[in-house]
Amino acid sequence: MCDEITEGDLDRAGVPVGRRRFAALAGGGVLMAAMPLGAAEGVAVKGREVQITTAEGIVDAYFVAPAVGKHPGVLIWPDIRGLRPAFRQMADRLAAAGYAVLCVNPFYRWAKAPVVYAGHDFDDPTVRETLFGYLKRLDRGLVETDAAAHVAFLDRQPEVDGARGLATTGYCMGGAMTIYTAALRPDRVRAAASFHGGGVGTDKPDSPHLLIPETNAGYLFAIADNDDQKDPEEKNRLTAILAASPHWHEVEVYKGAMHGWCPPDGRAYDEAAAEKAWARMLELFRASL
């Protein structure tokens, strides 16, 4: 999970503060240049800012899909820094691979995106305090309220092929949200991918991974090396509960990749590991959707 301990890990690894800082990547052209190889490949896409009404308010979100045809829907839960240019670019790339993608602001109840704005970043203790204040209030019940609205939104879009299953992906705190979404809508969600997910397979009685048998999805758990060092049993808990699953599944520790390695605007970004995780996600989608 992103916290001051994670920042300490990056300090000890010699990763410079400010690497790929949000402010430096705020321009779409610069960010696209920083995306993993192949980001611009694929079909033409059309994206738009959207609003989704829930029982709690109005979510600001980004929806993008191939310009022509119907495609499987994907719900992206971003990391603790929320909906921002990096995740819009990631959504664009996924749409170019043939998916109708919704990326949401999970903190809409308290702040509109971007919740981390230019000139500030997660290495700032004040920013971390604000974000963790939001996260502590975002319990499973609220996530399920939002997930229900997001799935319903996707199913209403003409670009989404309702005859095929949906997928959900989550980064950092979003890892648990993918499981909650799959458990809430086992009739629709067929694939769930967690990247350096926080708290997805704990030893607590309410651990998200215990919901997996209630779902009907394939799973990808891509675990950061330093997260594995903090809880080396998590991968074993995940592997054990997935053993009986008839669906595609994979649990892997990405050796050398630190928590937060996937988003291209993060201090821990690792292009080679991010490309590998992206490819495995697409393999999950091909097998499950």
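Let me begin with His-249, which sits in strand E8, residues 249-254. The model I am presenting is a predicted one. Setting aside neighbours within four places in sequence, His-249 is in contact with Tyr-219 and Leu-242. His-249 can also be placed relative to Ala-193: the two residues are 56 apart in sequence, and their C-alpha atoms are 9.5 Å apart in space.

From that strand, let me turn to the protein as a whole. The secondary structure comes to nine helices and eight strands. The protein has 289 residues, and buried residues make up 58% of them. Its accessible surface is about 11,300 Å², and carbon and sulfur atoms hold 54% of that area. As for contacts with a separation of 6 or more, 76% of them are between residues 24 or more positions apart.

I now take strand E4, where Leu-102 is found. Is Leu-102 buried or exposed? Leu-102 is buried, because its relative accessible area is 0%, and the limit for buried is under 20%. Beyond residues up to four places away in sequence, Leu-102 touches Val-50, Ile-52, Ala-61, Tyr-62, Phe-63, Val-74, Leu-75, Ile-76, His-150, Phe-153 and Leu-154. Leu-102 and Asp-92 are ten residues apart in sequence, with 9.9 Å between their C-alpha atoms.

Strand E4 spans residues 100-104, and the loop between E4 and H4 holds Pro-114. Here the backbone deserves attention: the peptide bond joining Ala-113 and Pro-114 is cis, with omega about 0 degrees.

Two further backbone features concern phi. Cys-172 is not a glycine, yet its phi is positive, at about 55 degrees. This cysteine lies in the loop between strand E5, residues 166-171, and H6. Cys-172 is also buried, with a relative accessible area of 1%. The second case is His-196, again not a glycine, with a positive phi of about 40 degrees. His-196 is in the loop between strand E6, residues 189-195, and strand E7, residues 218-224. His-196 counts as buried, since its relative accessibility is 1%.

While we are on cysteines, Cys-103 is buried as well, at 0% relative accessibility. How many disulfides does the model have? The count comes to zero.

Another histidine, His-71, is found in the loop between strand E2, residues 57-66, and strand E3, residues 73-77. Although in a loop, His-71 counts as buried, because its relative accessibility of 15% falls under the 20% limit. Its contacts, leaving aside neighbours within four places in sequence, are Pro-66, Gly-98, Tyr-99, Ala-100, Glu-159, Val-160 and Asp-161.

Next, the largest pocket. About 410 Å³ of space lies in it. Its lining comprises 18 residues, and those closest to the centre are Leu-138, Ala-176, Tyr-180, Gly-198 and Pro-208. By class, the lining has nine nonpolar, four polar and five charged residues. Which helices each supply at least two residues of this lining? They are H4, residues 125-137; H5, residues 140-156; and H6, residues 174-184. H6 gives the most, with three residues.

Helix H6 also holds Thr-181. Is this threonine buried or exposed? Thr-181 counts as buried, because its relative accessibility is 1%, under the 20% limit. Apart from neighbours within four places in sequence, Thr-181 is in contact with Leu-75, Trp-77, Ala-147, Val-151, Thr-168 and Val-189.

The model is predicted, and its count of disulfides is zero. The backbone has a cis peptide bond between Ala-113 and Pro-114, together with positive phi values at Cys-172 and His-196. The largest pocket has about 410 Å³ of space, and H6 is the element that gives the most to its lining.

Notes
Residues are numbered from 1 along each chain as its sequence is written. This is a predicted model: local features need pLDDT of at least 70, side-chain atom pairs count only at pLDDT 80 or more; totals for chains, interfaces and linings use all residues. Side-chain values use heavy atoms; hydrogens and water are left out. A disulfide is a pair of cysteine sulfur atoms within 2.5 Å. Buried means under 20% relative accessible area, exposed over 50%, partly exposed in between (1.4 Å probe, protein chains only). Helices (H or I, at least four residues) and strands (E, at least two) are DSSP runs, numbered from the N terminus. Contact means heavy atoms within 4.5 Å. Accessible areas come from the Shrake-Rupley method with a 1.4 Å probe; for residues, only the protein chains shown count as cover. On a 1 Å grid over the protein atoms alone, a cavity is a set of points where a 1.4 Å probe fits but cannot get out, and a pocket is an open set with protein on both sides within 12 Å along at least five of seven lines; lining residues have an atom within 4 Å of a point. Grid points are joined across faces, edges and corners, and a volume is the space filled by probe spheres set on the points. Ala, Val, Leu, Ile, Met, Phe, Trp, Tyr, Cys and Pro count as nonpolar, Asp, Glu, Lys and Arg as charged, and the others, Gly among them, as polar.
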